[in-house]
Amino acid sequence: MLLSLLIALPLFGSLIVALLPNSQREQFRWIALGVTAINLLICGLVYTAFDQSQADYQIGQQLDWITLSLGSLGSVSIDYLVGIDGMSFPLVLLSVVVMLIGVISSWNIQERQRAYFSLYLLLTGTILGCFLALDFFLFFLFFEFMLLPMYFLIGLWGGPRREYASIKFFLYTLLGSVLILLVMIGLSMSVMDPISTALATGIINGPEQADTNIIRLIQAQLANGQIDPSRIVHTFDFRYLSDGGNYLPGSFLSVAGETFPLGIPSRMLAFWAVFLGFAIKLPIVPLHTWLPDAHVEAPTPVSVVLAGVLLKIGGYGFLRIAWGFFPDGGAEYARVLGGLGVLSIVYGGLCALAQNDVKKMIAYSSVSHMGFVLLGIASLTPEGVNGAIYQMVSHGVLSAMLFLIAGVIYDRTHDRRIDSYRGLNHAMPQYATLTAVAFFGSLGLPGFSGFVGELFTLMGSMQSEWLPGWQTALATLGIALAAGYFLWTLQRMFFGQYWTRVGAHVGDSGAHMGAPLRDLTPRERGMLISLGVLALVMGLFPNLVFNLTSASVGEWLKRFLVG
Amino acid sequence: MDTPLETVLISLLLLVPFAGFLAVRASSERWAGPLAIGLTSLGLLFSVVLLSITDQPSVPILGEWLRTSGGSILVGFRIDRASGVILVLAHFVALLVQIYSLAYLDEKADRPRYYGYLQLFVGAKAGILLASNLIVLYAFWELVGLASYLLIGFWYEKPEAARAAQKAFLYNRVGDVGFLLGILLIYNLFGTAEFSQLTAVAPTGVGLLLFMGCMGKSAQFPLIGWLPDAMEGPTPVSALLHAATMVAAGIFLLARIHPLLSPDALVVVAFVGTLTALWGGFSALYQTDIKKVLAFSTVSQLGLMVAAMGTDNLTGGLFHLLTHAFFKAGLFLGAGAVIHTLHTQDMRQMGNLRRTMPTTFWAYLVCAASLAGVPFLSGFLSKESILAGAFAWADAQSSGLAYGIPLVLLASSGLTALYMARQVRMVFFGDASSHAQGSMPDRQKAPPASSRLLTAPVLLLAVLSGWVWFSLNPLSAHGSWVESWFSETSLMGGTTAPNKGHTAPVWLAPASIALVALGGWLGFRLHADPSVMQHSDRPSPNRWIVRASLRYGFLDDFINKFIVLPIRRLATGTYRTDARVVDGAVNGAGVGMVVLAHITNALDRFGVDGLVNGGAWLARQVGRVTRSVQGGRIQSYITAAVVGLLLIIWLIS
């Protein structure tokens with residue numbers, strides 16, 4: 001119930017904002033603030049109810065939604081099913097926090113407030129839906145619906161090239177969605193819901209009779225072909241999709257499924273399809289080029305949400321769907337996948353080093369940091385996978401902070417070029433201090449969360465039997481590069497004699513001394529300090545996150561022991 | 001063994017400076033200094049008490065930092081005699097430096113920031129010394145790097161200072177990347193990073209990766225260049241971080257990981273140390289900046305210590321760390337007094353200061369003599385210990401080439417005398433009037449109260465450069481208490497005390513004394529080298545040897561040209577590729593789709609149109625559905641996706 005509320009509240013708020021007359025303009029942001037704040041409170045309640053030692057899904061809610069007869073192929077059931085486990089809960093917590101920060105950072109949006117806050121709340125609801133849904137169909141619905149508000153938020157409130165950026169973002173993600181959709185359909189045709197099938201075949205008379213013995217029995221019957229195909233109930237349920245026993249023998253995606261030309265089994269193709277779908281989202285080089293454009297053109301709060309939360313759906317999809325349903329794919333291609341992670345780390349770092357646009361620099365640093373997530377997951381070790389989730393949460397907090405920092409300077413001058421500023425430390429000491437905190441936190445200074453995420457993913461990849469040692473060695477270069485691009489930016493923008501090229505546009509040569517820039521407003525200070533403190537607390541007490549993830553990750557990893 | 005008092009003291013030593021960092025930063029210009037001094041005095045007290053109750057290495061105080069399904073990582077702290085002594089040393093020098101800074105910093109200095117960063121440093125340094133495993137050590141290691149970055153860049157409005165700070169952090173990062181990899185490999189091999197359990201020899205490569213950490217922090221070849229640049233920081237900071245304590249962390253690390261290093265790895269360590277000792281000594285020869293001479297001398301001495309570690313001589317290396325901390329801090333603080341008085345760092349504008357600053361002169365002279373290795377001073381003792389160890393090590397090696405190491409070390413000790421004599425000659429002797437006309441009146445204005453704060457710490461450090469604090473025998477520390485402080489037993493625990501002290505060959509002491517005398521005499525003459533003494537800001541020395549010394553063997557030019565520049569080119573190239581090729585492909589695909597759509601459209605209009613009436617009808621229907629959903633594309637896509645899915649399911653069945 002609580003989890004459904006997390007989704008429903010923002011969606012309802014979005015509707016309210018959309019329906020209120022423009023004379024109530026002042027109320028829109030308050031509604032958004034209220035909704036996201038209440039969501040945070042609900043998450044607090046969920047936290048107290050969450051059992052950290054349990055690996056399974058919990059606090060769930062299930063409602064029958066659609067049941068469709070497929071004639072001789074049985075039937076398919078689609079449920080409204082939500083729940084959390086150790087892998088999704090940290091990301092839910094992160095989303096709720098970042099969405100609240102995003103509202104605060106949107107406080108001074110002036111244009112089309114109704115549309116803005118309505119879309120923003122819609123985005124909030126769909127993002128949370130993505131992390132909470134445990135039915136592939138429901139997940140996909142939220143996943144797709146997320147595009148709509150995001151597209152408009154970039155396309156209408158963005159910078160000069162916003163239309164290009166939003167279309168690019170949209171098409172890229174759509175391409176990924178198509179791949180995911182194909183696999184989803186294939187999965188649903190290949191997997192049965194053991195309990196419903198047991199009901200349909202008359203083995204049990206009510207769902208309450210189902211226990212592990214019954215499930216084993218029905219799975220054995222399935223394996224032996226004793227079940228009439230027309231009685232099989234196909235499903236989108238995550239819980240059944242991740243259990244190999246539920247796959248129909250000889251079906252498209254069963255372990256001994258069809259083989260395509262070049263000897264590629266269909267399951268491997270399906271793995272790569274979902275991998276690519278989510279790799280676009282994360283993003284993984286070379287599927288990342290939408291990210292710098294989207295970030296640069298998006299308004300600050302949208303950048304914050306994009307980097308802070310949206311990218312993490314890619315990593316979540318890896319864990320839950322790509323590796324979750326196709327563990328054989330994750331094991332088979334571990335080296336390639338780890339290599340892609342390393343490529344992202346180094347490539348993103350090098351690109352970040354070459355930037356003169358502070359927002360682009362941060363965007364490429366995101367690419368680099370998300371590479372650690374892939375590396376950690378590909379390692380298939382407890383350290384690596386826990387570290388990957390931790391890295392996602394840590395990056396969510398720190399990148400939100402970084403984009404707020406870029407927003408502060410853009411807000412003052414509408415100029416994001418690094419070489420337009422020198423010695424900002426002089427005019428904006430508080431801003432400089434908090435920037436230094438965010439930069440050092442992001443480059444992996446011990447004490448902040450970035451260090452733990454990198455340490456653990458690297459530890460995992462080093463220990464992994466699946467990955468060669470040189471991958472870890474190359475990945476550590478990313479740490480040196482991070483120090484390079486962050487410190488160089490710090491030196492160029494904040495140190496030296498104070499000088500700015502205020503208001504000058506590209507191509508203008510008339511650099512002049514402007515009025516000193518205003519230091520942080522209380523609102524900006526509040527946001528930056530709270531995120532900084534969050535990164536610090538997570539860095540000092542990493543168990544806050546690891547205690548949540550550990551049990552589920554341990555259970556998750558067991559599927560790789562068999563193959 | 002482990003007592004509650006120990007736990008309390010260790011916790012306080014770590015917590016007080018970090019809390020102090022926040023408190024001092026929040027305090028006022030006036031109270032920041034006294035508050036910080038008070039806190040560090042407390043720290044000194046704690047560390048003295050802690051040392052006095054420490055006999056054997058303590059059982060680490062462990063806490064679980066984090067746990068995953070794979071295992072847990074512990075945070076642990078412990079103390080032993082060696083780290084206890086260095087802990088006391090670090091607090092002592094930090095205290096002196098902070099007192100000295102009261103007078104050294106001028107009015108608009110932003111003291112809360114300055115003293116706050118120093119507190120941060122003290123806490124991080126204590127963490128390195130007290131860490132019981134490699135991961136904790138690494139964490140504090142990075143924090144020390146941060147403190148160093150912040151302090152070098154303290155005068156951030158000076159572009160050189162900002163650049164130097166960045167350079168320091170990046171050079172250290174390069175070393176730390178190797179260090180981190182080494183730690184991860186150690187963790188893999190041993191399943192733990194606790195020092196008490198890391199007693200077996202690790203593969204040579206792993207040991208060398210760990211050594212990279214030391215190369216960065218202790219400015220070993222080729223990561224030397226950041227240390228001379230770090231002199232852009234305030235001089236008291238140079239004394240504390242970049243001479244006495246921080247840069248010595250690498251030496252301490254080597255002592256900690258010594259059991260892990262294979263004989264081959266140790267040879268590399270010895271070689272790098274020896275090379276650095278020579279390189280630094282040579283680079284110091286012709287410098288004109290008073291602080292740069294000292295910086296290169298620090299590089300050289302660190303090389304000496306590293307070489308001691310490489311030649312299996314823990315005692316000698318740590319002993320030199322200790323004596324070096326006193327006299328080098330004394331030299332920096334003395335140089336600071338000179339700079340404070342003359343407002344220049346250029347030695348060519350100094351001279352004859354022994355008349356105007358006699359106290360500083362005598363203290364400086366003692367420290368310099370100790371550094372040069374003059375008998376009856378501490379430097380002589382520790383250098384003899386290192387050289388004796390190196391000769392003993394060479395004796396044990398199979399190859400005669402091994403004698404290269406002690407011989408080069410001996411030669412670089414000779415260099416020390418040379419450049420220090422030159423410096424003392426340039427600063428304190430000679431004719432002042434021809435060099436520093438404009439500067440002398442400034443000195444007169446210096447308030448006497450502040451000058452006492454500037455001289456007293458230097459005097460104290462000069463006194464501590466005597467031999468008697470370390471050994472009763474002025475010519476050898478063999479068998480003194482230093483050996484019980486700094487031995488493998490002291491670091492690792494154990495009951496047997498192997499006598500690792502080395503008896504020097506009989507000819508060693510006379511030979512090195514002769515070398516010192518020769519170096520000193522040459523140094524006194526060297527000062528007048530006309531190619532360096534030109535009165536211009538940018539000397540254009542025409543002799544290659546001078547040029548090479550001034551630019552420390554063109555090391556930085558080499559690194560800039562062959563490492564930094566290629567990386568920046570690679571970055572720019574990668575980004576260009578990204579924008580043109582990768583993104584170009586994406587955009588090209590987009591354009592291609594549109595073109596294809598137009599072609600299809602044309603085909604459709606001219607070819608297929610008449611045939612597909614049913615299609616037209618379908619299109620109208622879809623169009624109507626689309627139009628009815630406000631906003632267009634996206635909703636219709638969703639609708640289409642859902643309808644399409646159902647359609648597919650229906651078709652399959």
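How does the radius of gyration of chain A compare with that of a compact globule of 563 residues? For 563 residues a compact globule would have a radius of gyration near 24 Å, and chain A agrees, with 24 Å; the radius is taken over C-alpha atoms, and the globule rule is 2.2 Å times the number of residues to the power 0.38.

The model is predicted: local features need pLDDT of at least 70 and side-chain atom pairs count only at pLDDT 80 or more, whereas totals for chains, interfaces and linings use all residues. Residues are numbered from 1 along each chain as its sequence is written, and chains are lettered from A and ligands numbered from 1 in the order in which they are written.

**View 1. Overall form of chain A.** Chain A comprises 24 helices and seven strands; helices (H or I, at least four residues) and strands (E, at least two) are DSSP runs, numbered from the N terminus. The C-alpha trace of chain A spans about 85 × 60 × 45 Å along its principal axes. Of the 563 residues in chain A, 60% are buried; a residue is buried if 20 or more other C-beta atoms lie within 10 Å of its own, exposed if 12 or fewer, and partly exposed in between, with C-beta atoms placed from the backbone.

**View 2. Helices α2 and α4 of chain A.** The axes of α2(A) (residues 25–49) and α4(A) (residues 113–132) come within 9 Å and cross at roughly 15 degrees; axes are lines fitted to C-alpha atoms, for helices over the stretch in contact, and angles run from 0 to 180 degrees between N-to-C directions. The two helices, α2(A) and α4(A), are therefore roughly parallel to each other (angles under 35 degrees count as roughly parallel, over 145 as roughly antiparallel, 65 to 115 as roughly perpendicular and the rest as oblique). Their crossing is left-handed, that is, the near helix is turned anticlockwise from the far one by less than a right angle; clockwise would be right-handed. Residues in contact (C-beta atoms, placed from the backbone, within 7 Å) include A:Phe28, A:Ile31 and A:Val35 of α2(A) and A:Phe117, A:Tyr120 and A:Leu121 of α4(A). The contact of α2(A) with α4(A) divides into seven nonpolar, three polar and three charged residues; Ala, Val, Leu, Ile, Met, Phe, Trp, Tyr, Cys and Pro count as nonpolar, Asp, Glu, Lys and Arg as charged, and the others, Gly among them, as polar.

**View 3. Helices α16 and α20 of chain A.** The axes of α16(A) (residues 358–379) and α20(A) (residues 449–463) come within 8 Å and cross at roughly 35 degrees. The crossing of α16(A) with α20(A) is left-handed. Among the residues in contact are A:Phe372 and A:Gly376 of α16(A) and A:Gly453, A:Phe456 and A:Gly460 of α20(A). Three nonpolar, six polar and one charged residue make up this contact.

**View 4. The side of chain B that touches chain A.** The contact takes 46 residues from chain B and 55 residues from chain A. On the chain B side, α6(B) gives the most, with 15 residues. The residues of this side divide into 29 nonpolar, 10 polar and seven charged.

View 5. The peptide bond from A:Leu282 to A:Pro283 is cis, with omega near -5 degrees, and A:Pro283 is found in the loop between α11 and α12 of chain A. The bond from B:Phe221 to B:Pro222 is cis, with omega near 5 degrees. B:His343, a residue other than glycine, has a positive phi near 60 degrees and counts as partly exposed, with 13 C-beta neighbours inside 10 Å.

Conventions. Contact = placed C-beta atoms within 7 Å.
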